[in-house]
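User: I've just opened this one and would like to talk through a few features. Can you walk me through them?

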Amino acid sequence: MSEYKCERCKREFDENEYEITEMENSCILHLDKIEENDKNCKIYNHAFDEYVQLELKYGKRISFYYIIFLKCLNEKDYRHLEEIKFTGCKFYKNLHFANSEKVFYDWCDFYVDWNSINYKNLFTIRKYLFNNCHFYEKLENRYSENSKIIYDSKLFNNCTFHKNIRFLNGIFNEKIFKDCNFDNKIKLEIEDSDIKRRFEINRKNIFQLLNFKDSIFLEKVKIKRCYVENANFFNTTFNELADFYKTEFEKVDFEKTDFEKISVFSECEFNCDVDFKHTKFLGKTLFQDTVIKGKLNLRNSIFDDEVNFLDITSIQREVKDGQFIGEPSDIKVANRETARKIKHFYDSTNNVIEANRFYKLEMKKREEELDKKSNFFDWLVFKIHGLTSNHSQDWTLALYWILIIGASFSFINNCTGFWSLFITVIFSMIIFFCNNFDKWIKLLLFYGLYILKTGDVLLHDVVKVINPFEKSSGIGLIEFLSKIIIAYLIYQLIVSIRQNTRRK
């Protein structure tokens, strides 16, 4: 007669089993872990067989409550059962069931790579297959390269994943994840699959990899407030909303991605180059307050609807009382077409000031495109235009050069003798080629040298050079050049001021 009885499963067990458990009211099946030697495994499998017989005494359904599944378990044929339910179980062995069985897991822990996920004939079951479970090792599906596996059931509810997840060649007719947690820096891959229900990851999760290559999302997708080291959306299609609000990407691939409805990148942060190569934006697109620290490339992108680039920036700004503080910084654009597309958005909304920011970037890229050898004069014009006014965007730069040129020609007019002029030029070059000073500090140093050399404290001669209406009894080559250059710079000053103050 057995000496001990388990309070959980009501099994009676003997002294041999008690030597392993060292508990009078709990059998070997409910331990957290045991050493899997021959003796222990034999006792364990005997206890497991007895448990199954007790459970099946009254029907074709079986429930496993707080059972440990060891690697040495001798698996049974459960194909004749109508339903199998696991509650609070611990798995050290990957069990395999026939596809027709209804198998559910509640509050279970998986300490082994798990690929046993039933998928057929469960469309009418509203319950999730895995509820409140923990996966401590990899989770992946068994797949076929020749045909897709159809999942007709909801899969994971309030589960926690500590290792990588990978699904290939699947058709998911129901929701995959609901309120799930993902441990830091796991890989989540759902590749070459059709996801037919809403897909959401709204908690602050850190992913080493998000891979949705060649997949189609038929309903809304929300991947918000996450940190992603590497994201792959190659040839991915979003049939409904795609919302990446406040997600940070270290590396991302959006090649051949289709956004058929609204796509949201508002307040996203891209710490990398972003190339939307052959990407189609068929619905409204939002890049509002997006931070792009690398280069943005929209050259091969298609926009068929409205797009919002408001306050797109290259540096993250401080937020106070829900509002961003400070002006957005210029982003890096990979080519002129990218700057033109963003400028077009601002032009279409009558935002002249912001449109001018990207007009400036467009001109810089045009300047880079020009070949100095084959288009020397065009290259020279763009170079001078950028140097003197940042392509009509910086009126302070035009003013700076007016003062510098005025003082320079006054220097020439006041210097007597070759060596005096030579020494003045040398000191001037030292001042201007010193990168440790702001341009206005350089200007003060230059004017200090000018006053020291000429004694023109009130700058009368400088004003004469700058004043375009100054009358002259006779004009030489140097004075003629000075008037042309000053006239050009004054024009740039006026245009630059007007660019940032005019109404469209």
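This is a predicted model: local features need pLDDT of at least 70, side-chain atom pairs count only at pLDDT 80 or more; totals for chains, interfaces and linings use all residues.

User: Are Cys-41 and Cys-72 buried or exposed?

Analyst: These two cysteines are joined by a disulfide, S to S 2.4 Å; the term covers a pair of cysteine sulfur atoms within 2.5 Å. As for cover, Cys-41 and Cys-72 are both buried.

User: What is the handedness of the disulfide of Cys-41 and Cys-72?

Analyst: Look at the torsion about the S-S bond of Cys-41 and Cys-72, which is about -100°. That value is why the disulfide is left-handed.

User: How many residues apart are Cys-41 and Cys-72?

Analyst: Helices (H or I, at least four residues) and strands (E, at least two) are DSSP runs, numbered from the N terminus. Cys-41 sits in helix α2 (residues 38–55), while Cys-72 is in the loop between β4 (68–69) and β5 (83–87). The pair links distant parts of the chain, 31 residues apart.

User: Which helix gives the most to the nonpolar patch?

Analyst: Patches take residues with over 30% relative accessible area and no salt bridge, joining like charges within 9 Å and nonpolar side chains (Val, Leu, Ile, Met, Phe, Trp, Tyr) within 5 Å. A salt bridge is a side-chain nitrogen of Lys or Arg within 4 Å of a carboxyl oxygen of Asp or Glu. Phe-376, Phe-377, Leu-380, Ile-384 and Tyr-488 make a nonpolar patch of about 460 Å², by the Shrake-Rupley method with a 1.4 Å probe, where for residues only the protein chains shown count as cover. With 4 residues, the top contributor is helix α5 (residues 376–389).

User: Which residue in β20 is the bridge partner of Phe-172?

Analyst: Strands pair if DSSP finds at least two bridges between them. β16 (residues 170–172) and β20 (residues 194–195) pair in the parallel sense over 2 bridges. The partner of Phe-172 in β20 is Ile-195.

Methods. Residues are numbered from 1 along each chain as its sequence is written. Side-chain values use heavy atoms; hydrogens and water are left out. Buried means under 20% relative accessible area, exposed over 50%, partly exposed in between (1.4 Å probe, protein chains only).
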